[in-house]
Amino acid sequence: MSMRIALIGLILVVLSACGPGKKPDDQAFLESLDSAKTEGPTISEEVIGDILQQIPSPLEISMILKESGKKYNVTYLNSADNRAKYNTNYKKALNLGIYGTDLGYTNIYEQNQDGVKYMEAIKDMADGLNIGQFFDIETVGRLATNSKNLDSLLLITTQNFNSINHYLQTQSRANLSVLLLTGGWLEALHVTCEVAKANPGNKELQETIGEQKIILENIMLLLSFYKESDQNMASLLNDMDGLKKVFDKVNITYTYKESTFEIVDGVMVIKDNSSSTIQITNEDIVSIKEVVDSIRGKIIS
Amino acid sequence: MSHMKKFIFVVLSVFILSTLEVIAQCNSEAMSNQCIPKLATDFNFLKSYRVEKGAKEFVEYSYVFTKGTQYMINICAGGQATDGIVVSLYDSNRNKVASSKVNGQFISAIAYPCNTTGIYYIQYTFDGSTGYCGGSALGFKR
C-alpha cells in the first residue's frame, strides 16, 4: 500500500515537473499583461510573425542618410521629452518604435548626448509595456560613451529590439510588435522625407522613399489583421490607407536577369544582374511627406 | 512487490532518458548567436536565424532587401563547417538568386549586393547533414 502511495506521489512529481506549471511570480506577471491583450488577430500569429520579420531595420535608412553625406539634424526626431504624454499601450508601442529609430539615427551619427535621452525614453516606454527587461540601458549607455564602440552599440541595440519582438510574439502580444515596427518604419520614412525636402531633386533619396511602397503594403496587411479587434489599429490602418493612395502613384518595375557569382576569400559574392526602376515625382514626395507628417503628428502628440 | 519496483525503475528511466534527450536537442539559437560575430567586420548585424529541421524539408525566412545595400548571410553548425546546410536566396518572384552549394562545395557565407528592392526568401536546406541543426546571421553594409 505504502509503495502504491509512493508510486502515485512519484508520478505526480514527474508530471508536475513536466507540465506548464507557473510560479506565483510568473502568474502575477502574466496577469499584468492581460490589459495589453486584445481580442486577437484574424489570422494565426505564426503568419503574423512571418510578415513581421520581413520589415527591414530602420538602421538601414539611417545608414543610407549618413553614407550619402547628409548632416545630422535632431529636429527631425521626436523629442524624448514627449515620452510623458504616452499613457496607453497603443501609444507606448508606437513611440517605442519611433524612439528606436531615433536612437539608431543618433547612434549612426555618433551623437551620444542625444542618444542617452532616447535610451531613457525607450526604457520608459519598454517598462510601461512590461518589456523593459530586454533593454539593457547600462550596457548601451556605457558603449555610447565611446565612438569606438559604435559597432557593439548598434549590435546590442538591434539584438534588444529583436528580443523584444520575439518575446511579444511568443506572449501572444504580436499586436504590440506590429505597432512597434510600424512606429519605427514611419519615423524612418519621416526622417527621409525631411532630408529629401532639404535636398530637393536628390534621386537616391526619392528612390528610397518610393521603395517604401513595398513595406507599406506589409504594414497595412499586418494592421488589417487587427481591424476587427482593436479600434486604434483600425484607425491607424485607415490613416495608412490615405498614405497608400499617395504611394499608388509611385511605379516600380523589375527586370529579372540571372545572377552570377565568384568566390572571394571563401565567401560567395553574388553579382545581381537584375534591376528595378522607381518612377516618383517631386510632387509625389511632397504629398507623401504631408500624409506622413499628419499620421506621425497624431502618434507623437 | 518486485513488479512494483520494476515499474518505478521504468518510470524513472523514462524520465531521466527524456531529460537527457532534451539536453541533447538542437540548440539552434546558440548557433545563430555564434554566427553573429562571424559576419565580416564591416557588416552591421540585422537578424539571426535558427536553422532546425522540422516537419518541412526546409527552413525559410524572408526579409525586404534594399537596392544599393550589400547583405551577407552566413551559416554556422556544430562540428563540420556547414554540416550540409545550404542557404539559397530567392527574389520576390521566387527566382533563384544564389545557392551556397556550388560544384559540390558548401560555402559558409554569401554576400549579395542588392540591385532590386523587394522581398527576398532565405531558404535553408539539408544536403547530407548529420545534425540537421545550425544557425545563420544576416548583416548589411552600404
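Predicted model: local features only at pLDDT ≥ 70, side-chain atom pairs only at ≥ 80, totals over all residues.
Four strands of chain B form an open sheet in the order β2-β9-β4-β5, with antiparallel pairing.

The secondary structure of chain B as a whole comprises two helices and 10 strands. Along the sequence, these elements follow the pattern α-α-β-β-β-β-β-β-β-β-β-β. Of the 142 residues in chain B, 40% are buried. Among the contacts in chain B with a separation of 6 or more, 78% are accounted for by residues 24 or more positions apart.

The C-alpha atoms of B:Lys141 and B:Asp42 are separated by 6.7 Å, although the two residues are 99 residues apart along the chain. When residues up to four places away in sequence are not counted, B:Lys141 touches B:Asp42, B:Phe43, B:Asn44 and B:Gln70. B:Lys141 has 18 C-beta neighbours inside 10 Å and therefore counts as partly exposed, since burial requires 20 or more.

The contact between the two chains takes 38 residues from chain B and 37 residues from chain A. On the side of chain B that touches chain A, at least two residues each are supplied by α1 (2-24), β1 (44-52), β2 (58-65), β5 (96-99), β8 (109-113) and β9 (118-126) of chain B. By class, this side of chain B has 22 nonpolar, 12 polar and four charged residues. Strand pairing also links the chains: strand β3 (residues 267-271) of chain A pairs with β8(B) in the parallel sense over two bridges. Here, A:Met268 stands opposite B:Ile110 of β8(B).

In chain A, β1 (residues 251-255) and β4 (residues 275-279) pair in the antiparallel sense over five bridges. A:Ile252 of chain A stands opposite A:Ile278, the latter in β4(A). The number of buried residues among the five of β1(A) is zero, so this strand lies largely in the open.

Helix packing in chain A was examined for α10 (residues 203-224) and α11 (residues 231-247), which pack at an angle of about 155° with their axes 10 Å apart. Because this angle is over 145 degrees, α10(A) is roughly antiparallel to α11(A). The crossing in which α10(A) passes α11(A) is left-handed. From α10(A), the contact is made by A:Lys213, A:Leu216, A:Ile219, A:Met220, A:Leu223 and A:Ser224. The residues of α11(A) that take part are A:Met233, A:Leu236, A:Leu237, A:Met240, A:Leu243, A:Lys244 and A:Phe247. By class, the contact of α10(A) with α11(A) has 10 nonpolar, one polar and two charged residues.

Methods:
Residues numbered from 1 in each chain as written. Chains lettered and ligands numbered in written order. Contact = placed C-beta atoms within 7 Å. Nonpolar A, V, L, I, M, F, W, Y, C, P; charged D, E, K, R; others polar. Pairing = 2+ DSSP bridges. Buried ≥ 20, exposed ≤ 12 C-beta atoms within 10 Å, placed from the backbone. Axes fitted to C-alpha atoms, helices over the stretch in contact; angles between N-to-C directions. Parallel < 35°, antiparallel > 145°, perpendicular 65-115°, else oblique. Left-handed = near helix turned anticlockwise from the far one by under 90°.
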